[in-house]
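The sequence and structure are shown first.

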Amino acid sequence: MTLIRALSPVLAPVLAVALGLMSGVLAPAVAQERGPLRITITDGVIEPLPFAAPSFVAENGAAAEYAANITRVVAADLAGTGLFREIPAEAHIARVTSFDAPVSFPDWQAINAQALIVGAVSASGDQIVVKFRLFDVFSGQQMGEGLQFAGTPGTWRRMAHKVADAVYSRITGEGPYFDSRVVFVSESGPKNQRVKRLAVMDYDGANVAYLTDGASIVLAPRFSPTGNQILFTSYESGFPRIYLMDLGSLQVQALAQTEGNMTFAPRFAPDGRTVVFSLERGGNTDIYALDIGSGQIRQLTNAPSIETAPSFSPDGSQIVFESDRSGTQQLYVMPASGGEGTRISSGPGRYGTPVWSPQGDYIAFTKQNAGRFHIGVMRTDGGEERLLTASFLDEGPTWAPNGRVVMFTRESAGAEGQAALFSVDISGRNLRQIPTEGPASDPAWSPLLP
């Protein structure tokens with residue numbers, strides 16, 4: 001797929017949305033007839049910004065179905081964030097029949113559309129071309145340059161996600177995340193005899209592909225920084241060991257083969273050449289680092305307690321992990337070279353599965369307290385702890401590429417309870433279930449696709 005920048009270079013005032021997600025407070029959007037639109041964040045309530053996405057123009061007969069499908073994916077991506085509300089097509093006064101036709105802004109203002117997405121699709125042979133423009137309706141101006149994407153018919157969903165990413169970023173000022181994938185554990189069968197397979201899908205649950213056959217229990221898959229490999233834990237040998245899979249060939253190799261010792265909870269360093277993981281030896285569990293190229297292993301912690309679930313900071317200088325050295329499960333940060341570590345969790349209850357945000361500003365975690373499980377975030381020094389969810393069992397957060405949305409596993413109570421994937425933004429808003437064919441757990445978000 002290629003990105004071609006060569007549509008109208010007309011520049012307009014940036015349609016700014018002051019998200020302020022770090023503060024965790026949200027307020028209604030205010031449309032201004034002069035100047036940029038803004039969303040001011042207060043009090044945990046937000047009025048989604050209304051947008052119109054008339055069906056993209058099919059510039060030839062072969063493009064008609066693609067145009068309709070791409071429009072729906074773009075609108076679903078934006079509406080799914082909770083920050084945007086689509087104005088339904090039946091409310092539209094104007095009709096877009098040509099990509100280059102002048103926009104009748106009064107018609108869109110009349111239905112209170114604050115943003116307008118105009119697009120077109122052409123299809124010829126093995127190529128589809130998608131182009132779009134974004135308009136600030138109340139200022140009557142185009143926002144930034146129009147963009148054009150070209151790809152094969154099989155990549156039409158990715159092109160739709162890229163359009164939505166561009167719109168989202170221009171309006172919010174946040175990084176994109178729709179054009180990404182999630183690797184997870186797909187579950188089937190009775191609860192006491194679950195078949196677990198590794199699977200990968202688009203961030204929204206589409207295009208599922210299975211990576212393993214279910215012959216062995218698999219856990220905790222993790223993407224490499226480039227998105228072309230995954231780490232995971234498997235019981236193929238009879239007890240937990242860590243493995244590396246190439247997603248292109250699906251070839252698998254065992255890592256850190258230490259006879260008779262369990263290895264688990266692996267995660268890549270930002271450079272993609274180092275893996276940190278937990279190793280159980282003589283009844284004690286510590287954190288180790290493995291150089292993938294040489295196979296050399298270094299011990300990073302040395303304590304009689306259980307140290308596990310390591311996660312690197314984005315710059316590779318520090319590692320956050322969980323330990324019960326204080327008597328309960330808590331979070332600690334240590335230099336990437338190893339060491340004693342500094343405790344950062346301080347609230348009541350137990351903390352685990354920490355994951356450093358791609359932006360470096362937050363650490364997500366699982367918390368258990370007073371009989372409830374929570375997904376939460378805190379600053380990297382432990383400050384500003386914020387619980388985003390509460391349920392019978394929430395666990396295992398993973399960050400979207402832009403560091404502003406978290407996906408996790410939620411399991412329902414009872415003998416018939418099942419695991420499912422959910423996402424929530426870091427203000428605690430917009431909790432939603434990710435559609436999967438059956439029970440699913442252990443999600444890990446990829447970086448943005450190239």
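## Salt bridges

The structure contains 18 salt bridges, a salt bridge being a side-chain nitrogen of Lys or Arg within 4 Å of a carboxyl oxygen of Asp or Glu. This is a predicted model, in which local features need pLDDT of at least 70 and side-chain atom pairs count only at pLDDT 80 or more, while totals for chains, interfaces and linings use all residues. Residues are numbered from 1 along each chain as its sequence is written, and side-chain values use heavy atoms, with hydrogens and water left out.

Lys162 and Asp179 form a salt bridge through their side chains (3.1 Å, N to O). Lys162 lies in helix H3, whereas Asp179 lies in the loop between H3 and strand S11 (181-188), and the two are 17 residues apart. Asp179 is buried, with a relative accessible area of 2%.

The side chains of Glu385 and Lys367 also meet in a salt bridge, at 2.9 Å from N to O. Because Glu385 is in the loop between strand S28 (372-379) and strand S29 (386-387) and Lys367 is in strand S27, this pair ties together parts 18 residues apart in sequence. Glu385 counts as partly exposed at 30% relative accessibility, whereas Lys367, at 4%, counts as buried. Elsewhere, a network of salt bridges links Arg157, Asp202 and Asp204.

## Nonpolar cores

The largest nonpolar core has 48 residues, of which Leu78, Ile117 and Phe132 touch the most other members. Such a core is a set of buried Ala, Val, Leu, Ile, Met, Phe, Trp, Tyr and Cys residues joined through side-chain atoms within 4.5 Å. Helix H3 (residues 156-172) gives the most to this core, contributing nine residues. Apart from it lies another core of 15 residues, including Phe99, Ile111, Val118 and Ala120.

Beyond its neighbours within four places in sequence, Ile117 is in contact (heavy atoms within 4.5 Å) with residues that include Phe51, Val74, Leu78, Phe132 and Val167.

## Helix H1

Helix H1 (residues 64-79) comprises 16 residues and reaches 23 Å from its first C-alpha to its last, close to the 22 Å expected at 1.5 Å a residue. The expected span is 1.5 Å times one less than the number of residues.

The buried residues of H1 are Ala67, Ile70, Thr71, Val73, Val74, Ala75, Asp77 and Leu78. They pack against H3 and several strands, among them S4 (49-52), S7 (115-124) and S8 (127-136).

Strand S26 (residues 350-356) is largely enclosed by the rest of the structure, because five of its seven residues are buried. Five bridges join S26 to strand S27 (residues 362-369), and the two run antiparallel; strands pair if DSSP finds at least two bridges between them. Gly352 stands opposite Thr366 in S27.

S26 and S27 form a hairpin with five residues between them. In the turn, Gly360 has a positive phi of about 80 degrees.

Definitions and conventions: Buried means under 20% relative accessible area, exposed over 50%, partly exposed in between (1.4 Å probe, protein chains only). Helices (H or I, at least four residues) and strands (E, at least two) are DSSP runs, numbered from the N terminus.
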